[in-house]
Amino acid sequence: MTTEDHHIKLEPSWKQALRPEFDKPYMAELRAFLRQELAAGKEIYPPGPLIFNALNLTPLPQVKVVILGQDPYHGPGQAHGLCFSVQPGVATPPSLVNIFKELKRDLNIDIPRQGFLQPWAEQGVLLLNTTLTVERGMAASHAKRGWETFTDRIIEVVSSQCESVVFLLWGSHAQSKRKLIDTTRHKVLASPHPSPLSAHRGFLGNGHFSQANRFLLEHGREPVDWRLPV
């Protein structure tokens, strides 16, 4: 995948920071794999122009919180390039239901009727999946194809070029990325994943949203308004 494929545009601050990645062999292999899948008639999510949506909505200098997901949603009309988020009008997935429950418990924020998280992204919350594409109906179908190398680099760039960022690492997959983060400059908050399989083991009750805002305030940064239209 390059910023030229599918008329994809990449926000300038990220384009500058990540430019070397697009010339590396792993990216050429990933690009070839995606073209091959599309040529075979496979349906890939999210649509091409939305693959880098998380980066385009949250410029590098504005990043204040990073939430790490794993894989885009693989149902029709769900994925739009922001982890845990779905497009307007789509039913709220179970993990996001639990995220909203914890917001209600932690900050007494009314639970929205939809799961469109773009207002968070526009405030500096980088909603990053570690794999950026998936085949329809096939979870993790594009894992270990090169995306993880690219998104690891994104995490390293945030760690090295930003100040006082909160990383929310939910579940073992996200927590495996802790080694990429300079914890002397940034705050890492870890808990079980919000999935219904694990949320009761410590995601619900983690207080991450209030803790994140407290850290931002203590470091002279604007807190996140986690409210969404209800």
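Colleague: How much space lies in the largest pocket?

Modeller: About 590 Å³. Keep in mind that this is a predicted model.

Colleague: Which residues are the closest to its centre?

Modeller: Those are Gly69, Gln70, Asp71, Phe84 and His193, out of 34 residues that line the largest pocket.

Colleague: And which elements give two or more residues to the lining?

Modeller: Strand 2 (65-69), helix 4 and helix 7 (172-175) do. Helix 7 gives the most, with three residues.

Colleague: OK, on to threonine 130. Where is its place in the chain?

Modeller: Threonine 130 is in the loop between strand 3 (125-129) and strand 4 (134-135).

Colleague: Buried or exposed?

Modeller: Threonine 130 counts as buried, because its relative accessibility is 0% and the cut-off for buried is under 20%.

Colleague: What does threonine 130 touch, not counting residues up to four places away in sequence?

Modeller: Leu68, Gly69, Gln70, Trp147, Glu148, Thr151, His173 and Lys177. With glutamine 70 there is also a polar pairing: a polar atom of the threonine 130 side chain lies 3.3 Å from the backbone oxygen of glutamine 70.

Colleague: How far is threonine 130 from glutamine 36?

Modeller: Their C-alpha atoms are separated by 21 Å, and the two residues are 94 apart along the chain.

Colleague: Let's switch to helix 2. What span should its 15 residues have?

Modeller: Helix 2 (residues 25-39) should span 21 Å at 1.5 Å a residue, and its end C-alpha atoms are 21 Å apart, so the two agree.

Colleague: Why would residues three or four places apart point the same way?

Modeller: Because an α-helix has 3.6 residues a turn.

Colleague: What follows helix 2?

Modeller: Glycine 41, with a positive phi near 85 degrees.

Colleague: Last one: where is asparagine 98 found?

Modeller: In helix 4 (residues 94-107). Asparagine 98 is buried, with a relative accessible area of 7%. Beyond its neighbours within four places in sequence, asparagine 98 is in contact with several residues, including Pro194, Phe203 and Leu204.

Technical notes
Residues are numbered from 1 along each chain as its sequence is written. This is a predicted model: local features need pLDDT of at least 70, side-chain atom pairs count only at pLDDT 80 or more; totals for chains, interfaces and linings use all residues. Side-chain values use heavy atoms; hydrogens and water are left out. Helices (H or I, at least four residues) and strands (E, at least two) are DSSP runs, numbered from the N terminus. Buried means under 20% relative accessible area, exposed over 50%, partly exposed in between (1.4 Å probe, protein chains only). Contact means heavy atoms within 4.5 Å. A polar contact is a pair of N or O atoms within 3.5 Å; within protein, one must be able to donate a hydrogen and the other to accept it, and residues adjacent in sequence count only if both atoms are side-chain atoms. The expected span of a helix is 1.5 Å times one less than its number of residues. On a 1 Å grid over the protein atoms alone, a cavity is a set of points where a 1.4 Å probe fits but cannot get out, and a pocket is an open set with protein on both sides within 12 Å along at least five of seven lines; lining residues have an atom within 4 Å of a point. Grid points are joined across faces, edges and corners, and a volume is the space filled by probe spheres set on the points.
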